[in-house]
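Hi everyone, thanks for coming. I'd like to walk you through one model today, so please have a look at the sequence and structure first.

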Amino acid sequence: MIKTVATTPYPDQKPGTSGLRKKVRVFQQPNYAENFVQSVFDALGDEKTGQTLVIGGDGRFLNREVIQVAIRMAAANGFARVVVGQGGILSTPAASNVIRQRKALGGLVLSASHNPGGPDEDFGIKYNIANGGPAPEKVTDAIHANTKSISRWLTVEAADIDLDTLGEVTMGDMTVEVIDSVADYAALMESLFDFAAIRRAVEGGFTMSFDAMSAVTGPYAIEILEKRLGFAPDTVKNGTPLPDFGGHHPDPNLVHAKELYDRMMAPDAPDFGAASDGDGDRNLIIGRGRFITPSDSLAMLAANAHLAPAYAGGLKGIARSMPTSAAADRVAEKLGIPAYETPTGWKFFGNLLDADMATICGEESAGTGSDHVREKDGLWAVLLWLNILAASGKSVDQIARDHWATYGRNYYARHDYEGVESERADALMADLRGKLATLPGESFAGLTVETADDFAYTDPTDHSVSRNQGIRILFQGGSRVVFRLSGTGTSGATLRVYLERYSADQLDHETRDMLADIIQAADEIAGITRHTGRTEPDVVT
């Protein structure tokens, strides 16, 4: 029996680039999660009747409880079938794959990605559409509009589903199917890559270390890396997903994955090191003695993708987010294929992938992926690296050096100032926008501004326009700095400052040394210290 529950709107349910993210305590308010889920369902209109919905999450605190709520609400809102991952677990790329395989109308992905988990930490809900990718702005705008006017949500009175037992059960007129979270994804990976070549490398002594950060990719990595590819037991560290990620901050960067970094810089390091984040869509790549930035990883994967069976026929195009370094553009130019520069957010890549205009996409925030799903995919990137290493017989360091010798090197870093008071962050950006017209020709720290703008993007597939996507300051000689406020936090604002210098011949210098004048110029232009009170970033990647 359908039950109607009266409610009132919450004023803070505007989805960001990857759904709605807030503290757990916020989601635990009466009707808070229910309001947002109902607003998603209402945005779908009659289209949802008789359709399939996929539900899964990264296992963080509150995951199981919200899944049970969402299943009952799906039954009340006319869905015919819900497909849910065993234990409530589905990595974000695995959820995208299931949506596509099952021809579902869409899916609810319960995650706050790389943000911490636990009763005092973060939670999130994101809606993915039928192509498996994040909802585009027209859908998230409709969801947001609904959150501001919602007066009721619908549910059915039914017992909780046993999320741990595979199989089908009914809830009213709806079927709930609990599926193996790992099997379909592992089969997809085996269809893309030369597992036999990787196994031969492992048999020949190739070693690796993978840090799952007590997050969702643990079961996937154990199944693929240890069971199917033959890496030694305990290759996967922190492989059990925990509601609080074991107290870890599940962001695969050099701050939060320092243990892996130290292991890979040691004299007895394995050949290859990698990590993934809370929901499995980001990656960290480190060779013995050589860290690979996400921007360089995108470029190197694109340049060598032909070594993997799925990409042996070549790439249709390469896409990167605007803040990501231009290293991938140089690969596209050499390959004679298009290079696309989009706003931050995987939904922009989804349009290009659906239109067969791009094959490989990436963001500087450690997300890379291809047309196999419509999300960034951490393990996919790790496996493509493994395929390249096995096929070429080279080390990570040698691949990097050969790449830079061919294309030159884009020295690159991102400085994050986290938890900045929103008013201060907004004032900084407003001041920057106010001076864009006067910056060209001015000099800062010995660098002369060539152009300055607020990035706007016209989508080549549907001609939609996205404005105010980040402030770009381009200096004479090719260096640049980008300022952007992140939409992935749960409180305050994160100011991201992206710094880049290209060199054709200085290929093995310290990144900070190569960027020192750009760092100084960024502070002089934006008044970072003056506006935020910070003299150093919280995280450097």
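**Salt bridges, a hairpin and a pocket**

Let's start with a charged pair: R228 and E190 form a salt bridge, and their closest N and O atoms are 3.0 Å apart. R228 belongs to helix α8 (residues 217-228) and E190 to helix α6 (residues 183-192), so this pair ties together parts that are 38 residues apart in sequence. R228 counts as partly exposed, at 24% relative accessibility, and E190 is also partly exposed, at 34%. Do keep in mind that this is a predicted model.

How many salt bridges does a search of the whole structure find? The count is 39. Another of them joins R25 to D120, with 2.8 Å between the closest N and O atoms. Here R25 sits in helix α1 (residues 24-27), while D120 is in the loop between β5 (106-110) and β6 (122-128), so the pair links parts 95 residues apart in sequence. D120 counts as exposed, with 53% relative accessibility.

Now, a pair in another setting. The side chains of D416 and R414 meet in a salt bridge, 2.8 Å from N to O. Are these two buried or exposed? D416 is buried, with a relative accessible area of 3%, and R414 is buried as well, at 6%. There is also a network, in which salt bridges with shared partners join R320, D329, E341, D453 and R472.

Let's move on to strand β17, residues 360-363. I360 and G362 point one way from this strand, C361 and E363 point the other way, and all are buried. On the parallel side of the story, β17 pairs with strand β15 (residues 318-321) over three bridges, and A319 stands opposite C361. β17 also pairs with strand β18 (residues 367-370), this time in the antiparallel sense and over four bridges. In that pairing, I360 stands opposite S370. The hairpin of β17 and β18 has three residues between the strands, and A366 takes a positive phi near 80° there.

Last stop: the second largest pocket, with a volume of about 610 Å³. Its lining has 23 residues, and L254, Y261, F291, E510 and T511 lie nearest its centre. Which elements give two or more residues to that lining? They are α9 (258-265), β14 (290-292), β19 (409-420) and α16 (511-526). By class, the lining has nine nonpolar, six polar and eight charged residues.

Terms used
Residues are numbered from 1 along each chain as its sequence is written. This is a predicted model: local features need pLDDT of at least 70, side-chain atom pairs count only at pLDDT 80 or more; totals for chains, interfaces and linings use all residues. Side-chain values use heavy atoms; hydrogens and water are left out. On a 1 Å grid over the protein atoms alone, a cavity is a set of points where a 1.4 Å probe fits but cannot get out, and a pocket is an open set with protein on both sides within 12 Å along at least five of seven lines; lining residues have an atom within 4 Å of a point. Grid points are joined across faces, edges and corners, and a volume is the space filled by probe spheres set on the points. Ala, Val, Leu, Ile, Met, Phe, Trp, Tyr, Cys and Pro count as nonpolar, Asp, Glu, Lys and Arg as charged, and the others, Gly among them, as polar. Buried means under 20% relative accessible area, exposed over 50%, partly exposed in between (1.4 Å probe, protein chains only). Two strands pair if DSSP finds at least two bridges between them. A salt bridge is a side-chain nitrogen of Lys or Arg within 4 Å of a carboxyl oxygen of Asp or Glu.
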